[in-house]
Amino acid sequence: MRPRAAVSVVAATVVVVAGAVIMTAVRSHADERAADSPAPAVSLARASDTHSADDSATITVPGLIDSASSAAESQAAESQAADRQSAESQAAESQSAERSLAAASSSSAAQSSSAAARVAAAKAAASKAAASKAAASEAAASEAAASSAAASSAASSSAAASSAAVSSAAASSAASSSAAASSAAASSAAASSSAASRSAAAESVSAAADPAPDTSEAVEKAVEQAEGNGITQSVVVMNRQTGSVTTAVNSNMEMPSMSLVKLILAADVIDQAGGVANVPSDTLDELHEMIAVSDDSVAQDFYDDGGQGAIITRVAAEYGLSETSPSPEPRYWGDVRITAHDMASLLYQLLSNPDTSLWFTEAMEDSQSIGADGFDQNFGVNSVPGAGSKQGWGCCLGSVLTIHSVGFTSNQIIVVMSTAPNDRPYAQLGTAQELTDDAGAQAAVAGVTRTVDAALPVP
């Protein structure tokens, strides 16, 4: 091969190597921008009951949305790791290019002054590639710092919000809707999803700033007092941020659901539709009424249309409710069998899921003082300012008088269910007014309220 042709081949090789260095830097920067990690699931072990022997089961529920500060820390750590890996790779490639340039320079110096000039040009190209690589690394670092600063600012802003931050998510939804107004239907769905995510994040930050206390001793005393009055209570108190159970008394005791089954019916309608956004607005209105005023006729329609006991089986399987089963007499939805443990698990999952969190929060926060049948439901969790709740009452399914209250505050999920033997026959306790006037029912209502109050933090 002639000397001039050999020089041309060497110079071409140098240019290719320099080009590869530039492309590697660009692709590395693009890969850093594409990094993303899904949130893991959270495995929850049930806390031991004071009056229950079976405490070995474990439930698995969706992970809570991380707070803004946790997300920022995770993103910053991932970005730094990616920067280090990219820098090491680029340094190795740069050293390889420099060795190739050195060999080319040595070879071409013996050939001609023209080859030396081409080697010098190749070195200039390599230098330019190194400069581009450094610029890309600096840009990536700046972007990671900006993201961390923005997330930190968001976390500070969220932490300053009140413990009732869920209610403010409606305003955030309106802002999201106007920003995505290219399609009316798509805009509505996007706004709802964004509001739910922001609501869950705000709740997580609020709970972190004001964690749920352990009020087990006070709750146990309240349960004992109820027992002295002939009332059996089943209780679970849960930390909303972590899903950990702080108090459990008789949590696996099976009881008739009464109107608590309406939470199961609403979850099934939404799940069967594939999400809140897919449920017709008039159906959502009916579900809201079923929760807020405990409308029995609406519940009966959904129960019959959904397949009665098949609804309970579907929801139990979907949410891992191993202690929930259909009614022994299918036509009576109030006799669906549930436990405090399963109701706490279901409510935790519904409030943690970005798709259902906002809808159930608003419906339960709208729980009225008087039910559709005229019963006074201003007791238990519903008597706590700012809380969301679902109440249950009735006699005499399962041959007991039943009073239940479940719900949430900014940092707790509280479930108090109770049964008592009925002194009077069903014929004399068949209406809301008769139940309201009954001394046994009044004692049960007072006992549930007392236990709920015991579960709350002391001001």
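Student: Which residues does a disulfide join here?

Tutor: A disulfide is a covalent bond between the sulfur atoms of two cysteines. The search criterion is a pair of cysteine sulfur atoms within 2.5 Å. In this predicted model, Cys395 is joined to Cys396, with S to S at 1.8 Å. The search of the whole structure finds 1 disulfide. The link of Cys395 and Cys396 is right-handed, with 80° about the S-S bond.

Student: What peptide bond joins Cys395 and Cys396?

Tutor: The bond is cis, with omega about 15°.

Student: What is the mean pLDDT of the protein?

Tutor: pLDDT is the predictor's confidence in each residue, from 0 to 100. The mean for the protein is 72, and 54% of its residues reach 70 or more. Over residues 100–130 the pLDDT is below 50, and this stretch has 25 contacts in the model beyond near neighbours in sequence, contact meaning heavy atoms within 4.5 Å. Residues 139–193 also have pLDDT below 50, with 50 contacts in the model beyond near neighbours in sequence. Where pLDDT is low, the predicted coordinates should not be read in detail.

Student: Is Cys395 buried or exposed?

Tutor: Buried means under 20% relative accessible area, exposed over 50%, and partly exposed in between, using a 1.4 Å probe and protein chains only. Cys395 has a relative accessible area of 8%, so it is buried. Cys396 counts as buried because its relative accessibility is 18%.

Student: Where is Cys396 found?

Tutor: Helices (H or I, at least four residues) and strands (E, at least two) are DSSP runs, numbered from the N terminus. Cys396 is in the loop between strand 7 (388–395) and strand 8 (401–408). These two strands form a hairpin with 5 residues between them, and Gly398 in the turn has a positive phi of about 70°.

Student: How many bridges pair strand 7 and strand 8?

Tutor: Two strands pair if DSSP finds at least two bridges between them. Strand 7 and strand 8 pair over 8 bridges in the antiparallel sense, with Ser389 opposite Gly407. Strand 8 is also antiparallel to strand 9, joined by 8 bridges, and that hairpin has 3 residues between its strands. Across this second pairing, Phe408 stands opposite Ile413.

Student: Which way do the residues of strand 8 point?

Tutor: Leu401, Ile403, Ser405 and Gly407 point one way, while Thr402, His404, Val406 and Phe408 point the other way; all are buried.

Student: Which residues is Ala420 in contact with, leaving aside its neighbours within four places in sequence?

Tutor: Ala420, in strand 9 (residues 412–420), is in contact with Gly230, Ile231, Val400 and Leu401. Its relative accessible area is 9%, so Ala420 is buried.

Student: Which residues other than glycine have a positive phi?

Tutor: Ser294 is one of them, with phi near 55°, and Gln308 has a positive phi of about 55°. Ser294 lies in the loop between helix 8 (281–292) and helix 9 (296–305), and Gln308 lies in the loop between helix 9 and helix 10 (309–319). Ser294 is buried at 3% relative accessible area, whereas Gln308 is partly exposed at 24%.

Technical notes:
Residues are numbered from 1 along each chain as its sequence is written. This is a predicted model: local features need pLDDT of at least 70, side-chain atom pairs count only at pLDDT 80 or more; totals for chains, interfaces and linings use all residues. Side-chain values use heavy atoms; hydrogens and water are left out.
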